[in-house]
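Dear colleague,

Please find below the structure that I am handing over to you, together with its sequence. My notes on what was found in it follow directly after.

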Amino acid sequence: MNALPDFLTAVLRRYDFLTALAVVGLLVSIAEWSAARFTRGRLHGSALAIAAGLLLAGLGGALTGGTKGLADLPLLGGLGLLGGDMFRDVAIVSTAFGVRVAELRKGGLTGLAALVLGLSSAFTCGCMAAWACGYRDAESLATIGAGAATYIVGPVTGTAVGAQPAVIAISFAAGLVKAILVMLITPAAARPIGLNNPRAAMIYGGLMGTNSGVMAGLAATDPKLVPYAAMTAAFYTGLGCLAGPLLLYPLLCWLL
Amino acid sequence: MVIYGTALLAACLLLGMTLGGWLGAVTGLNRDLGGIGLSMLLLIASTEWLRRRKLLPAASQSGIAWWSGMYVPIVVAMACIQDVARAVSGGPAAFFAAILAVAFGLALTALLCRSAARISGDAEKLP
């Protein structure tokens with residue numbers, strides 16, 4: 001950081017939140033460009049940006065020995081606010097604004113069944129994986145289980161139930177790995193699993209739920225299917241944020 | 001005005017989190033129970049109500065829409081502040097969880113798509 005002149009670092013430090021916005025914007029633009037240039041849109045730019053963020057967080061942690069990734073670097077403290085609980089929560093809730101009740105009804109019973117099945121199977125898979133890796137407390141199990149749903153449901157559940165930061169980071173990573181897997185596998189798996197019509201796309205969106213993964217995967221499979229999958233996938237994270245702390249955690253408390 | 005939309009969003013979040021905390025207290029778990037999900041339901045209900053009465057002009061909507069546009073950048077920032085070293089030292093739980101969930105999801109899709117197609121005779125064709 002000594003490479004930058006003092007008058008510049010003073011400004012960057014004083015307006016650390018704006019610094020964070022600029023850095024994230026730069027990161028996203030590089031990722032969008034690389035995704036289009038090197039993966040021909042097969043990997044979503046957002047997923048690449050998130051993966052790069054995780055990588056940089058690891059680097060930041062290694063450099064500073066801290067626990068908050070890049071936010072431990074003196075100039076990038078603003079990232080702690082931008083990526084913190086408050087901004088995360090308000091951004092998640094704001095996505096519900098696009099939802100119309102009429103569309104909710106149109107999705108109908110099939111979509112609802114897929115959502116319930118998808119969430120409960122993801123929770124179960126995540127909890128089993130966490131159990132296999134030696135976690136035995138309800139907080140960690142619920143958080144990693146929720147992370148197998150999406151990278152939002154995991155940290156939201158983890159924060160709600162008071163899980164350890166390391167466990168929340170695992171749940172975030174699980175959600176990210178899932179999103180990338182879905183992106184890459186969908187085009188190849190579409191034919192064998194019968195994913196070639198609107199209803200199947202709605203079912204797929206509800207079962208997989210990971211929004212960026214499903215959207216990018218289907219866009220590479222058949223762009224006409226994207227809106228149908230979006231209809232159900234859009235509810236997955238919201239429903240997951242409701243069900244993770246409200247159903248999964250109490251259930252685990254009761255089981256253990 | 002833009003602030004009306006943002007204020008509504010903030011109010012829904014505050015109310016939803018309060019409800020979530022209250023639910024947690026009532027059930028004796030003393031944790032936030034679904035505050036985010038409840039906030040989302042509140043936002044859907046309140047914007048739908050306002051929209052029907054034509055009380056949600058474009059400016060107010062943009063006060064909410066801006067935040068949903070910031071969703072991905074905020075998640076990227078969130079990625080930047082994770083404790084990666086501790087997560088990695090936590091073992092392969094993240095990979096196990098993700099791979100298991102995806103495999104299960106694919107199998108369930110195949111199962112549901114086939115049975116749905118059987119029930120309805122044939123699947124809806126794309127227009």
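Two residues are taken to be in contact if their C-beta atoms, placed from the backbone, lie within 7 Å. On that basis, the contact between the chains takes 92 residues from chain A and 69 residues from chain B. On the side of chain A that touches chain B, 65 residues are nonpolar, 21 are polar and six are charged. Please bear in mind throughout that this is a predicted model.

Confidence

The model has an ipTM of 0.83 and a pTM of 0.79. For chain A the average pLDDT is 87, and 96% of the residues score at least 70. Within chain A, confidence is lowest in α11(A), with a mean of 79, and highest in helix α7 (residues 138-147), with 95. Chain B has a mean pLDDT of 84, with 87% of its residues at 70 or more. Here helix α5 (residues 84-89) of chain B has the lowest confidence, a mean of 76, whereas helix α1 (residues 2-26) of chain B has the highest, at 92. Residues 121-127 of chain B call for caution: their pLDDT stays under 50, and the model gives them 12 contacts beyond four places in sequence. Where pLDDT is low, the predicted coordinates should not be read in detail.

Chain B

The secondary structure of chain B consists of six helices and zero strands. Of the 127 residues in chain B, 46% are buried. Among the contacts in chain B with a separation of 6 or more, 50% join residues 24 or more positions apart.

One backbone angle in this chain deserves a look. Lys54(B) has a phi near 60 degrees, a positive value in a residue other than glycine. Most residues other than glycine have a negative phi. Lys54(B) sits in the loop between α2 (35-52) and α3 (58-69) of chain B. With 7 other C-beta atoms within 10 Å, Lys54(B) is exposed, since the cut-off for an exposed residue is 12 or fewer.

The nonpolar core and the contacts between chains

The largest nonpolar core has 132 residues, and those touching the most other members are Val93(A), Ile144(A), Ala173(A), Val76(B), Ala77(B) and Ala97(B). Val93(A) reaches across to chain B: leaving out residues up to four places away in sequence, Val93(A) touches Leu9(B), Cys12(B), Leu13(B), Ile36(B), Ser39(B), Met40(B) and Leu43(B).

Apart from neighbours within four places in sequence, Gly53(A) is in contact with Leu27(A), Val76(B), Ala79(B) and Cys80(B). Gly53(A) counts as buried because 28 C-beta neighbours lie inside 10 Å. Between Gly53(A) and Val24(A), 29 residues apart in sequence, the C-alpha to C-alpha distance is 8.8 Å.

Helix α9 (residues 165-189) of chain A has 25 residues and spans 35 Å from its first C-alpha to its last, close to the expected 36 Å. A kink of about 30 degrees lies in α9(A) at Met183(A), shortly before Pro187(A). Because 18 of its 25 residues are buried, α9(A) is largely enclosed by the rest of the structure.

Helix α11 (residues 211-221) of chain A is mostly covered, with 10 of its 11 residues buried. Among these buried residues are Asn211(A), Val214(A), Met215(A), Leu218(A) and Thr221(A). The buried residues of α11(A) pack against α3, α9, α10 (198-208) and α12 (226-255) of chain A.

Exposed positions in chain A

Trp254(A) is located in helix α12 of chain A. With 8 other C-beta atoms within 10 Å, Trp254(A) is exposed. The C-alpha atoms of Trp254(A) and Ala138(A) are 9.1 Å apart, although 116 residues separate the two in sequence.

Gly134(A) belongs to the loop between α6 (101-132) and α7 of chain A. Gly134(A) is exposed as well, with 10 other C-beta atoms within 10 Å. From Gly134(A) to Ala173(A), 39 residues apart in sequence, the C-alpha to C-alpha distance is 17 Å.

With kind regards

Key. Residues numbered from 1 in each chain as written. Chains lettered and ligands numbered in written order. Predicted model: local features only at pLDDT ≥ 70, side-chain atom pairs only at ≥ 80, totals over all residues. Helix = DSSP H or I, 4+ residues; strand = E, 2+ residues; numbered from the N terminus. Expected span 1.5 Å × (residues − 1). Bend = angle between axes of the 7 residues up to and from the residue. Buried ≥ 20, exposed ≤ 12 C-beta atoms within 10 Å, placed from the backbone. pLDDT = per-residue confidence, 0-100. Nonpolar A, V, L, I, M, F, W, Y, C, P; charged D, E, K, R; others polar. Core = buried A, V, L, I, M, F, W, Y, C linked by C-beta atoms within 7 Å.
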